[in-house]
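Dear colleague,

I am passing on the structure below, together with some notes on what turned up when I went through it. Please read the notes with the coordinates open beside you.

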Amino acid sequence: MRAPADHRRKAVLTAELLEVTGFTLLMAALATLVMLPAGMALAWLLARYEFRGRSVLETLVSLPIVVPPVATGIILLKLLGRRGPIGQLLEPLGVEVVFTWRAVVVAMAVMGLPLFVRAARAAFEQVDRRYEAIAGTLGARPWRVFLTVSLPLARRGLLAGLVLGFSRAVGEFGATIMLAGSLPGTRTLSVAIYRHAELGNDTAAMILIAGSVAIAFAAVYAANRFARTP
Amino acid sequence: MNPIVIELTVQLGDGEDAFRLRLPRIAMARTLALFGPSGAGKTTALDLVAGLRRPDSGTVRIGNRVLFDHEQKVDLPPHARRVGYVAQDLALFPHLNVRRNVLYGAQSRRGAPNASERLAQVAELLEIGGLLDRPVGELSGGERQRAALARALMTEPDLLMLDEPLAALDHSLRGRIMPYLEAIRDVIGTPMIYVSHSADEVRRVAEWALVLDRGRVAAAGPPSEVL
C-alpha cells in the first residue's frame, strides 16, 4: 500500500512546485514592471543631474540592500497597513495591500529596485554624452534624444539590471513574509521552502530549493550575457 | 546666398579664471575659419553657438536670430538653434547604420517634407550612396567623415560648424576629403565655420579667417593676408 501513497505525495509535491513557482515568477515579473519606470527615472536622475539632496536620495535608494529585509517588511507594513499613511489613502479606493498578492509585488519591487537602479545608473553613466549633445544639434528634443540615443546605448546594462532586480524579487523572503505572510494566495518559493523546512518536510523543501536554484541560475546567466558586450 | 552675421560676446565663469570670448559682429561671406593654437577658444566658440555650453553672461547671435542673451534671458536649446555641428570626434551613433545616422536630423524636423530628395543630393555630393546600409563601425576614417558631414547637412542648418574636420585623417586622406568640403561650400552653399590649426586648410576652404588667441581676435581678414 506504500506505492500509491508515495505516488499521491509526489503528485501533490509536483503540483505545489509548479503552482508556487508559477506564482513566484508571475509576482516577480509584475514587481519588475513596477521597478522599470521608477528605477529608470531614479537612475536617470542620479546619473545626469546635480541637485540638492542627491546624496540622500542615492542613500535612500540603496537602503533596502543594507537594512535587514525583515525590517524593510515591517516598515512597509506600517506604511501600507490600514492605519498606515499610505494604507489610509488606499482604503477608500478599496485597495487592500497587506497580506494579499499586491503585498508580494510591493515587497519584491522594493527589494529589487536598488539593484536595478545601480545597474541602470551605471549604464546611463557609460553613455558618451557627446552622442546626446550631437543628437540635440540635429534637432532632436530631449525626449527623442533619450528614446533614440541614451536608451539604446544603455540597453545592455539596463537589461542586465532588470534581470538582477527580477532575480532579487524571485529570491525575496524577509520583507515578503512580513508584508504578505505565508497564506495560500501569497506563498512564494522562498516562503514555501521556509515553511516546509520548519515543518520538517525535507523532501518537499529540497524539491522547491531545486526549482529556485534553477531559476536563479537561468537569471544570473542571462544577466551576465546581457552585460557582456557583443 | 546672403552673407550671415554672427556675433559672440560671452563669458564662461567669473573672476580671474573667467574665459572671455569675443567675436565681433562680422558678416560671413560663406566660410569663416577660426584659426589658432590649442586653448585659443575655437571649440569653445562652436560649443557656445551650438548650445552645448552655457555662457555665464553675454550674447550669441546668428543673423537676426538671438540664440543666447543673458540679460534678456534668452537661451535657445540646441534642438532649436538650426546649427549643424560636426564635432572633432564625429560622434556617429554607433547603434545606427549610416542611413539612419544621416537621416536622424531629417527625422527630427516635423514631416521632413523633402528628406528623400535632400538625401539623394547629399549622398551624391559626398559619395556615400554605397555606404548607407553599412554599420558605422565598418567605415574607414574618410567615410566616417563624409557620413558625419552628410548627417549635419540633412537638417538644412542655417550654419554648419566643422571642428578640425581633417585633424584625425592622414595626409593623403585630407587631400581626398577637401574637395567634398569645397563642394559643400560651392554647391549647397551653407555658411560654414571651419575650425582648424592648419593654415593650408584654412587658405583653401575659407574666405575669411579670424586668428584667435585666448578668446580674443588677434587678426581678421582674408586667409592669404592674415595667415
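In this predicted model, helix α5 (residues 101-125) of chain A packs against helix α7 (residues 142-171) of chain A at an angle of about 155°, and their axes are 8 Å apart. Because angles over 145 degrees count as roughly antiparallel, that makes α5(A) roughly antiparallel to α7(A). The crossing in which α5(A) passes α7(A) is right-handed. On the α5(A) side, the residues that meet α7(A) include A:Met108, A:Met111, A:Gly112, A:Leu115, A:Phe116 and A:Ala119, while those on the α7(A) side include A:Ala154, A:Gly157, A:Leu158, A:Gly161, A:Leu164 and A:Arg168. Sorted by class, this contact of α5(A) with α7(A) has 17 nonpolar, 5 polar and 1 charged residues.

Helix α5(A) also packs with helix α3 (residues 69-80) of chain A, here at an angle of about 130° and with the axes 11 Å apart. The helices α3(A) and α5(A) are therefore oblique to each other, and their crossing is right-handed. A:Pro69, A:Thr72, A:Gly73, A:Leu76 and A:Leu80 in α3(A) are the residues that meet A:Val106, A:Ala107, A:Val110 and A:Met111 in α5(A). The class count for the contact of α3(A) with α5(A) is 7 nonpolar, 2 polar and no charged residues.

As for chain A as a whole, its secondary structure comes to 10 helices and 0 strands. Its C-alpha atoms fill a box of roughly 80 × 45 × 30 Å along the principal axes, and of its 230 residues 40% are buried. Among the contacts in chain A between residues at least 6 apart in sequence, 77% join residues at least 24 apart.

Chain B, by contrast, brings a sheet into the picture: an open one of 6 strands, with mixed pairing and the order β7-β8-β9-β3-β10-β11. Its edge strands are β7 and β11 of chain B, each of which pairs on one side only, and neighbouring strands of the sheet are turned by 20° against each other on average, direction ignored.

Within that sheet, strand β3 (residues 31-35) of chain B and strand β10 (residues 208-213) of chain B run parallel and are joined by 4 bridges. B:Leu34 has B:Leu210 as its bridge partner in β10(B), and B:Phe35 has B:Val211. Strand β10(B) is also joined by 5 bridges to strand β11 (residues 216-221) of chain B, and these two run antiparallel, with B:Leu212 standing opposite B:Val217 in β11(B). The hairpin of β10(B) and β11(B) has 2 residues between the strands, and in this hairpin B:Arg214 takes a positive phi near 45°.

Two helices of chain B lie across strands of the sheet. Helix α1 (residues 42-50) of chain B lies across β3, β7, β8 (159-163), β9 (192-196) and β10 of chain B, running at about 145° to β8(B), whereas helix α4 (residues 141-153) of chain B lies across β7 and β8 of chain B, running at about 170° to β7(B).

Finally, where the chains meet, 18 residues of chain B are in contact with 15 residues of chain A. On the side of chain B that touches chain A, β7 (83-86) and α2 (98-108) of chain B each supply at least two residues, and the residues of that side divide into 9 nonpolar, 6 polar and 3 charged.

Conventions:
Residues numbered from 1 in each chain as written. Chains lettered and ligands numbered in written order. Predicted model: local features only at pLDDT ≥ 70, side-chain atom pairs only at ≥ 80, totals over all residues. Axes fitted to C-alpha atoms, helices over the stretch in contact; angles between N-to-C directions. Parallel < 35°, antiparallel > 145°, perpendicular 65-115°, else oblique. Left-handed = near helix turned anticlockwise from the far one by under 90°. Contact = placed C-beta atoms within 7 Å. Nonpolar A, V, L, I, M, F, W, Y, C, P; charged D, E, K, R; others polar. Pairing = 2+ DSSP bridges. Buried ≥ 20, exposed ≤ 12 C-beta atoms within 10 Å, placed from the backbone.
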